[in-house]
Amino acid sequence: MPQEKADLRNLSEPVRFKRALALLLMTLVLPGSAQIVAGSKRAGRWAWRVVAGILAIVVFLVVLGLIWRSGTINLLARPGTLRVVQVLLILLAIGWAALFVDAYRIAQPMMLERNHRLATSILDAVLVFVVAGALIWASSFVNTQRDFVASVFGNGQKSKAEHGRYNVLLMGGDSGADRIGTRPDSMTVASIDADTGRTVLIGLPRNLAKVPFPAGTAMAKQFPNGFVWKGCEAQCLLNAVYTYAAEHKNLFPGNPNPGETATTQAVSAVTGLKINYFVLIDLAGFRDLLNAVGGITLDIGKRVPIGGGTSPIKGYIEAGKNQHLDGYHALWFARSRAESSDYERMTRQKCVMSAMLNQLSPQTVLTKFQGIAAASKQVVKTSIPAGELGTFTDLALDAKKLPVSSFSAVPPLIHTGNPDFDLIRTKVAQAIQKSEALDKAASEGDGKTTDTPKTTSTKKPSTPAKKPTNSPTKPANDVDDVASICKA
């Protein structure tokens, strides 16, 4: 060390200053290099080993992501993995800061002129603040991700795709002081091709009556002729299944989600699809989620009232192309009932879902993740396990490249008071087969060979539903024509 000081004294002041700056910048570019050159080579080598290890892990994850994207996301999204990453980022911040401090010591600032010493000290402090601060912020980001995954996604049982499709029941529910229990106001099944991500949205009206349940379930035993009893009137509709099950938990011993389970069973019997998972969104908090992602843009063909019903109309969401809606206006666009029917409302809700699917980019999720996670924890409840997060993220990225088709079980094709459930299941199967035919055509266009379109389960409920005597003859479109109402 005395010889090193003597050597430094023999250097000119500008050279000593440049040397000090170089040591700090070397630590920024390659941690440990300053120690290798002018300090403790042992400490420098340990720093290099850490850097090499981190680079090896990053390269491994990049290659794994290129080969198996969903598996990589699943691995990185696990709460345990995220906790390890959070701790490592904090340790890396401390270690890197210590290397900057040591590089400053090696630079011998007391041998510099006052102005040069001040500049070196400021640079060192700025580098410590920026680098360590960025790593601490990254650890906070990872902690938010971990908390989000742990809060929203559980450790539920993984459900395999059936006939090459995942079917997810999306429910939008209002809960509040003026509501008796929770009743899903909107129910849509997203049927997703497990290979391509191509999605079919199947809309079910909340006022669908006499809904059946799969044979052998508690609800099927309770309601062998469908969800109906003498004098039930408005209490025996599809959206009341949730409340009934929640109030009769004895039918679902040990089940923490009786309302969701019963509704999922009813929807499965109605559509003939195996429902893999459910997602319940509280519409009252949906506004915060939309604000977090910056809103959505729609082409609106018909103006929609804000308010109405039991409250006065406070304004309108005007018609027009490229209308940007914030959370407040998007929520009213999706839920407004005034001056329209429930079926038009279902169409508007599907427009909102399609817009979020198409417009929510990975960049938006990354840059606004803190707000998205905070809002989602309050408004989203799902049975999708954390281990499947990567699978559905992967499918969502693929789905963004493809158009979304849809079918709604609404009049005039379906008489909601006395539905023809066989017809509903047939139309659902046809809508899915048409969607799969598009993938087959695309594959054949690429010179690939594919199997025939996958068939869709059309299991019947415990008791077959009777066809209505006044079943309408006018056909409804299998793929909704929503251009007159909205377009994402």
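pLDDT is the predictor's confidence in each residue, from 0 to 100, and contact means heavy atoms within 4.5 Å. With those two terms in hand, let's look at the model.

This is a predicted model, in which local features need pLDDT of at least 70, side-chain atom pairs count only at pLDDT 80 or more, and totals for chains, interfaces and linings use all residues. Residues are numbered from 1 along each chain as its sequence is written, and side-chain values use heavy atoms, leaving out hydrogens and water.

The protein chain has a mean pLDDT of 82, with 81% of its residues at 70 or more. Here are some stretches to keep in mind as you browse:

| Stretch | pLDDT |
|---|---|
| Helix 1 (residues 2–9) | lowest, mean of 53 |
| Helix 10 (residues 258–271) | highest, mean of 96 |
| Residues 176–181 | under 50 |
| Residues 447–483 | under 50 |

For residues 447–483 the model has 75 contacts beyond four places in sequence; for residues 176–181 it has 4.

The chain holds 17 helices and 11 strands (DSSP runs, H or I of at least four residues for helices and E of at least two for strands, numbered from the N terminus). Of its 488 residues, 46% count as buried, meaning under 20% relative accessible area with a 1.4 Å probe, protein chains only.

Leu75, Leu76 and Ala77 in helix 5 meet Pro79, Thr81 and Leu82 in helix 6.

How values were computed. Buried means under 20% relative accessible area, exposed over 50%, partly exposed in between (1.4 Å probe, protein chains only).
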